[in-house]
Structures are given as C-alpha cells and as structure tokens.
Amino acid sequence: MTSVHDNRIEGYTVNCREGRIVFHTVSNDVLETTDIIFEGVAAYQLCYDLLSKGNIILDIEQVGFDDLVREYGSMLADGKKYGWPYVLEYGTIPDLIHQFENQGLCPYFIDSTLGMSGFVVAQGITITPIKADIQ
C-alpha cells in the first residue's frame, strides 16, 4: 500500500448517496498526488480541520472495534438520539458493533501531525497515486 505519511490534505469530498469519502492529498517528498478513498462508509467523525492552513497526515490505520469504542464510545452512544450512526436499529453499542461487523465494516483512525483527525467506519479503503511531478 502507498504511504500517505506526511501527505498534506488538499481537500476532501463526502458523497452521501454513494457512501464514499475521498481525501485528495499531496506528498512534497515525491511530488505526487494521492487519493485516499473510503467506500461503503457507515459513519465518520472528522475534527480539527485547519482548512486553508493545511492538515498533515501522520497515519491512517485500520483498528479494531474495541479501539473505536474506547476512543469514541460516548460519541457513538450520544449520536443514537440523532439517528447516528445510521443502521436499521440497535439498542446498545455492542449491538451497533455487531451490525457493523455483519455488514463487513471496519473502523479506521485518521491521525495527523497537524490538523484533522478522527475516524471512518467503512467497507474498505483504497489509496491511489494520481500523478507525479506537481509544479
């Protein structure tokens, strides 16, 4: 898999209908643009977006649901009253995790050295180099 360590996030798009999030990133080291594509997104939370000041990725890591609950359990529990994350119906956080697992979903943590961090629960991730030799 292509490394995105120290890539700068130039922008990102969320396609609600298709359940897709795409991060458009640039690596200064190898002068390459790279798209990070999450497919089958069921839930996400991104915070500390520095917008035009720049966000620099430290790592995107697939983690276990126990890590997700440890880090974001209270947010998941609180979101239920707003219908988030959207699943047909669940009573407890373990019920929610069970449904996520049955749908083939995985949690990913996004960590940054500067700016944006959070998580995405999705069916998969693809990291695609787009072009080199950025001017």
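Here are some numbered notes on the cores, surface and charged pairs of this predicted model.

1. **Ground rules.** Residues are numbered from 1 along each chain as its sequence is written, and side-chain values use heavy atoms, leaving out hydrogens and water. As this is a predicted model, local features need pLDDT of at least 70 and side-chain atom pairs count only at pLDDT 80 or more, while totals for chains, interfaces and linings use all residues.

2. **The largest core.** Start inside, with the nonpolar cores (sets of buried Ala, Val, Leu, Ile, Met, Phe, Trp, Tyr and Cys residues joined through side-chain atoms within 4.5 Å). Buried here means under 20% relative accessible area, exposed means over 50%, and partly exposed is in between (1.4 Å probe, protein chains only). The largest nonpolar core has 17 residues, and those with the most contacts inside it are Phe23, Ile36, Phe38, Ile60, Ile110 and Val120. S6 gives the most, with three residues. Strands (E, at least two residues) and helices (H or I, at least four) are DSSP runs, numbered from the N terminus.

3. **Val120 and the second core.** Have a look around Val120. Setting aside neighbours within four places in sequence, Val120 is in contact (heavy atoms within 4.5 Å) with Ile21, Phe38, Val41, Ala43, Tyr44, Cys106, Pro107, Tyr108 and Ile110. There is also a second, separate core of 15 residues, which includes Ala43, Leu76, Ile97 and Phe100.

4. **Tyr44 at the surface.** Tyr44 sits in strand S4 (residues 43-47) and is partly exposed, at 31% relative accessibility. Together with Tyr12 and Val14, Tyr44 forms a nonpolar surface patch with about 220 Å² of accessible area in total. Patches are made of residues with over 30% relative accessible area and no salt bridge, with nonpolar side chains (Val, Leu, Ile, Met, Phe, Trp, Tyr) joined within 5 Å and like charges within 9 Å. The areas come from the Shrake-Rupley method with a 1.4 Å probe; for residues, only the protein chains shown count as cover.

5. **Salt bridges.** Side chains of opposite charge can pair when their charged atoms come close. The structure holds five salt bridges, each a side-chain nitrogen of Lys or Arg within 4 Å of a carboxyl oxygen of Asp or Glu. One of them joins Arg8 and Glu10 at 2.5 Å, N to O; Arg8 is partly exposed at 28%, and so is Glu10 at 48%. Another pairs Asp78 with Lys81, with the closest N and O atoms 2.9 Å apart. Asp78 is partly exposed at 39%, but Lys81 counts as exposed at 60%.

6. **A charged network.** Salt bridges that share partners tie Glu18, Arg20 and Glu39 into one network. Within this group, Glu39 and Arg20 have their closest N and O atoms 3.0 Å apart. That pair links distant parts of the chain, with Glu39 in strand S3 and Arg20 in strand S2, 19 residues apart. Glu39 is partly exposed at 31%, as is Arg20 at 26%.
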